[in-house]
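Hello,

Here is the structure we talked about. Please open it alongside this email; my notes follow below.

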Amino acid sequence: MQALDKKIQRLLLQVQKPARYTGNEWNAYRKDHRDDLVKMVLAFPDLYEVGMSNQGVKILYESVNKRPGMLMERVFAPASDMENLMRSHDLPLFALESKKPLSEFDLIGFSLQYELSYTNVLNMLDLAGIPIYAGERGEADPLIVGGGPCAFNPEPLAPFFDLFVLGESEEYLPEMLAVLGNLKKEKIGRSELISRLSEQEGVYVPSFYEPVYKAGKLCALKRTGDRVPEVIYKRMVHDLDSAPYPTSPVVPYLQAIHDRAVVELFRGCSRGCRFCQAGYIFRPVRRRSRRRIIETAKQQIAATGYEELSLASLSSTDYPGLEELIGELDQALAGEQVKCNLPSLRLDSYSIKLADRLHRGRRSKLTFAPEAATERLRKVIRKNISEAEIFSALNDAVEAGWQGFKLYFMIGLPTERVEDVEAIVDLCQRIRQHFRHKAGSRIDISVSVSTFVPKAHTPFQWEPQLLLPMVTERQEILQKGFKKMPGVDLSWHDAETSFLEAVFARGDRRLAPALERAWSLGCRFDGWTENFSMPLWQQAFQETGIEPGDFAWRRFEYDDFLPWDHLHCGIEKEVLIREHQKAFACSEARPGAS
Amino acid sequence: MTRIRFRFARYDSLKNISHLDMMRLFQRALRRSGLPLVFSEGYNPHLRFNLAAPMPVNVTASEEYGEVFLAQEVTPDQFISALTEQLPKGLIVTGAFGVDRDEPSLPALVSAALYRAKPVAEPGCRVEPKDYREALERLLARQELLVPKTSKKRKKKEQVNVRPYIFEAYFKDAEDDRSLELYMLLQSGSRGGVSPFVVIEQLKKELRSDCNHKAHWELHREKLYQEQNQFLQPLSEGM
């Protein structure tokens, strides 16, 4: 170990941001690697500063490490400079806490947050010296487990994982590790171990299912045995107050993207926006009590010294009694000089009032997500807010002293027409004109436009993504429209990365060889524009005989088998069908699926 | 209100972090410590805390200074124990003392720093003392050492002559083996300066290309200096 540590130190002299790889942060656990402990690494397939901003990582880290008999360390995807050095010096991927190679752990759990991190997953396994295909792993190799939102359609990753855990793991993961500890004592073989774990609810072992294809389409995932469950139900926490939640989160040295104390107000979202996967897979809404929120906030601030506290959730202003909560928090944290903030503000007067109360300092820009610029399209996606409400909320914000807005929109939404895209330009123009004389000076507007990606377990799961050339065309409408508009700054997501995201979000196991090929061609960090290479991906698809458009642009029919049909997120398919039909009823456009 | 200066050392396990990381680390440690901190007035109150000089990444140090304002009287011993409790492995507070409230700020004092750099040969390579000594002689004989400097305001690349910032540089044989130690006294602080890494890069250029000199450098900052009556004095408790 000492030798590895020294070797690492030497390489760190040559890399950008060496603190990505040193660990040793405040509140990090250092447990001895005793033989009787179950040892897990939580692997986040992106950079340290991204992974350390993820609340799930922090929740799981403490939920496992607070328990005796088990330990969890962390690892993040090394940046390319570090990867090159590790490869040329034969240094295996190591865990931050102990600097031990990943291969010495019992289990590696990948946090699967977005599809564009999949090449990093393969790369990390390879750097760890672990065979990337589950079928090629031996008795001594760690179990490779996936979890997080992408585990709700993990099929493109199926051959690389021993098992997936569906749903929320903060209560289940320690339980599973305890079971693993007991099974380890029995000294049973790897396949028996996986099979025993698969008896637990929420555990999906992809190798127990055989895909059946007909006419180029996936039509079933056949069980390979009678004891294999037909449907896997997600795990979830029932009572947030009694569920584990971080009280002393790790404080990174490097500035993480979100570097602050975070207390989650509630899980799930009652809004039901039809494009939003989180809104569906985290149902139902479960609230944390005001008392528990305040207690946790106090503990976190005392244990970290953070200067900022975020009251997080999918739609924080929906928390009942939020004003009382903020008042009580103010008292509880009096004298600590802690700034509170509410992410995900809704466009309504109530939200502005709260933001006004919380926000100290210069009021540069307030962020909102209208998502669509016409009322018709907002109804289709169920973002029910009228234009009058938008203007009245923005008015309040300007009166409270904000000097600009950041507005998020999506293009390529189902039923979208060119007029809906032009309406984005038009709406921003009208906002600009409306406030021309009101704000002290001109207000600044940033417009950020992403491309809609249909996701599994949402009412839009049957819908195809808008064809790539049409996405580009619509982006050009925006670029042209905003070109002549001073004070408005447009940014947009690269159309090709969104296309790739859709391919994997709707894909099945046939994509696995293309993924492997892309990785071996050098694809990494595909979600980072500066790293993404469409030509390499095209080569990978071509060489593996995959037509990616067949996945991104396919319209599923209601009676088609979906690659995630065996995974149950808690919402019945009938509910999604009903919502899908309602969406089209809102529009004059003809329904897509029949 | 009182003002406390403290001295600290940074060891290997924390040498990989940047100056901004260090600032955050200390500020959060102070916030956890329960000491009676003072914040600036205004919209965005910040902790009244400072470090004497930014420490480059990958450099250890033995005599660094920081200072903080406190709302109530706290003895140096109380201060040291409260802060030490909140510091990670790799940072050690070695002293603290009160200073007058209207003393100039700590960063304004610093005008030079002494570094010790040790070349450690890569496997299969050898550090040849003679080559290094000759290279250093050639380096110091130059009137001008132009290095590129990217100006933040203009994108245009500028060249800066860093030679005047090298006050002194000499090799001293290390006691333990035949390897070398380079001592560099470099200008540092608000009136400009040069990073020890830049000097080492320049030194490498002076090495004759026929010798195999692949090495990495271990850097340590020994002391910080202030200017007093045109002489450099180490920063110390008496300042």
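How many helices and strands does the secondary structure of chain B come to? There are five helices and 11 strands. Bear in mind that this is a predicted model.

Confidence first. Chain A averages a pLDDT of 94, and 98% of its residues score at least 70. One stretch to treat with care is residues 590-594 of chain A, where the pLDDT is below 50. That stretch still has 14 contacts in the model beyond near neighbours in sequence. Where pLDDT is low, the predicted coordinates should not be read in detail.

Now chain B. Its C-alpha trace spans about 60 × 40 × 35 Å along the principal axes. Of its 239 residues, 31% are buried. Take the contacts in chain B between residues at least 6 apart in sequence: 72% of them join residues at least 24 apart.

Chain B is divided into domain 1 (2-103) and domain 2 (110-234). The C-alpha centres of these two domains of chain B lie 28 Å apart. Their contact takes 11 residues from domain 1 and 13 residues from domain 2. On the domain 1 side, seven residues are nonpolar, three are polar and one is charged.

Next, the contact between the chains. Chain B puts in 18 residues and chain A puts in 19 residues. Which element gives the most to the chain B side? Helix H1 of chain B (residues 19-33) does, with six residues. By class, the chain B side has eight nonpolar, five polar and five charged residues.

In general, an α-helix has 3.6 residues a turn, so residues three or four places apart point the same way.

Is A:Glu324 buried or exposed? A:Glu324 is exposed, because 10 other C-beta atoms lie within 10 Å and the cut-off for exposed is 12 or fewer. The C-alpha atoms of A:Glu324 and A:Arg290 are 8.7 Å apart, although 34 residues separate the two along the chain.

Best wishes

Key:
Residues are numbered from 1 along each chain as its sequence is written. Chains are lettered from A and ligands numbered from 1 in the order in which they are written. This is a predicted model: local features need pLDDT of at least 70, side-chain atom pairs count only at pLDDT 80 or more; totals for chains, interfaces and linings use all residues. Two residues are in contact if their C-beta atoms, placed from the backbone, lie within 7 Å. Helices (H or I, at least four residues) and strands (E, at least two) are DSSP runs, numbered from the N terminus. Ala, Val, Leu, Ile, Met, Phe, Trp, Tyr, Cys and Pro count as nonpolar, Asp, Glu, Lys and Arg as charged, and the others, Gly among them, as polar. A residue is buried if 20 or more other C-beta atoms lie within 10 Å of its own, exposed if 12 or fewer, and partly exposed in between; C-beta atoms are placed from the backbone. pLDDT is the predictor's confidence in each residue, from 0 to 100. Domain bounds come from an automatic or database domain assignment.
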